[in-house]
Amino acid sequence: MARQGFRSGRALLRWRIEPARRDALEPDIVAYSPILHRPKLTWPNGARVALWVCPNIEHYEWLPKFQRTRDPWPRSPHPDVLGYSIRDYGNRVGLWRLFEATDALGLRCTVSLSMAVLQHYPQILEAMEQRRWELMSHGIYNTRYHWDFTEAEERAAMLECREIHRRLTGREQRGWFSPAITNTLRTFDLAAETGYDYCCDLYHDDQPFPVRTRTGSLITVPYSVELNDVIAWRRGDEIDAFAQQIRDHFDTVYAEGAEQGRVMCIALHPFWVGQPHRIRGFRKVMEYILAHPGVWCATAAEIADHYRAQHLPAVEAHLRAREVAHG
């Protein structure tokens, strides 16, 4: 018995996709563009991979001020001494091991920074400034989630981060990354509005990409929730498994980078990677990566600047052409 929809058993079943009305779709925050269909992205000196290392230097409140969608310390009634102490180890001990490792490797890092760290621990600010590390905002505290913030509250938090950075460093802050990866529907619009020119809240690509905002100009710089030691910690992995993941990831994007430049981010948390039994494993895998030619060690702002100057105009023209072609 012939199946309905086929003719003489040989015809192909064809699906007709009706053009969807633009206003019926989800918010089109980042235009879709397959990575192999874009204009070729090249890095300085013909590098294949733009590598940025991102320590998350955070502070967790003993008694969190905001408790809305989720309690920052769900393990027990406040204070959660265990959770607080584990993370406090990073700022007291682990970070200083990480400083020594990155110094030995010649790495200049971009910090995902709880801005209150600068106020609580001026010694950390001094150490980061000596190394010329870039300080990207990761909110005020990592226990102050932005879920359910009003537009005014989220704008005020972003502006407060910029004010702290400006007052204590004398520079304008470039990058935004929401605390504990907590967002609202207005996060990207407000980041652009308050003066940030790149963000790390999207994990959708291996290259920077423009974000559609109601004002200003904002691009993404790819952060990683895959090459992220806190995810390894939650899975129960140890440093050997995490280092192998980093190595395998690098081998893939390094090969792909011969045709189309890639970004590789390694996200670290000093309370985990800065433990005595882990720091050597991190240093060893970084030595492997840095032994390869064609690796550009950069800050997030340097990646953003190169992309804006050398690649963004071509990508914007590419996207306009796609919109015309697809109506």
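Helix H1 (81-105) and helix H8 (270-273) each supply at least two residues of the lining of the largest cavity. H1 gives the largest share, three residues. The model is predicted.

**Cavities**

- Three cavities of 30 Å³ or more are found in the structure.
- The volume of the largest cavity is about 60 Å³.
- Its lining consists of Asn-56, Glu-58, Tyr-60, Arg-87, Gly-90, Asn-91, Pro-270 and Phe-271.
- By class, the lining of the largest cavity has three nonpolar, three polar and two charged residues.

**H1 against H3**

- The axes of H1 and helix H3 (residues 122-130) come within 12 Å. They cross at roughly 10 degrees.
- Angles under 35 degrees count as roughly parallel, so H1 and H3 are roughly parallel to each other.
- On the H1 side, the contact uses Asn-91, Leu-95, Trp-96 and Phe-99. On the H3 side, it uses Gln-123, Ile-124, Ala-127 and Met-128.
- The residues of this contact divide into six nonpolar and two polar, with no charged residue.
- Asn-91 of H1 takes part in the contact with H3, and Asn-91 also lines the largest cavity.

**H10 against H11**

- Helix H10 (residues 300-310) and helix H11 (residues 312-325) have axes that come within 4 Å. The crossing angle is roughly 60 degrees.
- That angle makes H10 oblique to H11.
- H10 contributes Tyr-307, Arg-308 and Gln-310 to the contact. These meet Leu-312, Pro-313 and Val-315 in H11.
- The contact of H10 with H11 holds four nonpolar residues, one polar and one charged.

**Aromatic pairs**

- A search of the whole structure gives 14 aromatic pairs.
- One of them joins Trp-43 and Trp-296, with 5.6 Å centre to centre. The angle between the planes is 45 degrees, and the pair is tilted.
- Trp-43 lies in the segment before strand E1 (49-57), and Trp-296 lies in strand E9 (residues 295-297). The pair therefore ties together parts that are 253 residues apart in sequence.

Terms used. Residues numbered from 1 in each chain as written. Predicted model: local features only at pLDDT ≥ 70, side-chain atom pairs only at ≥ 80, totals over all residues. Heavy atoms only, no water. Axes fitted to C-alpha atoms, helices over the stretch in contact; angles between N-to-C directions. Parallel < 35°, antiparallel > 145°, perpendicular 65-115°, else oblique. Contact = heavy atoms within 4.5 Å. Nonpolar A, V, L, I, M, F, W, Y, C, P; charged D, E, K, R; others polar. 1 Å grid on protein atoms, 1.4 Å probe; cavity = no way out; pocket = protein on both sides within 12 Å on 5 of 7 lines; lining within 4 Å. Points joined across faces, edges and corners; volume = space filled by probe spheres on them. Phe/Tyr/Trp six-rings, centres within 6.5 Å; stacked < 30°, edge-to-face > 60°.
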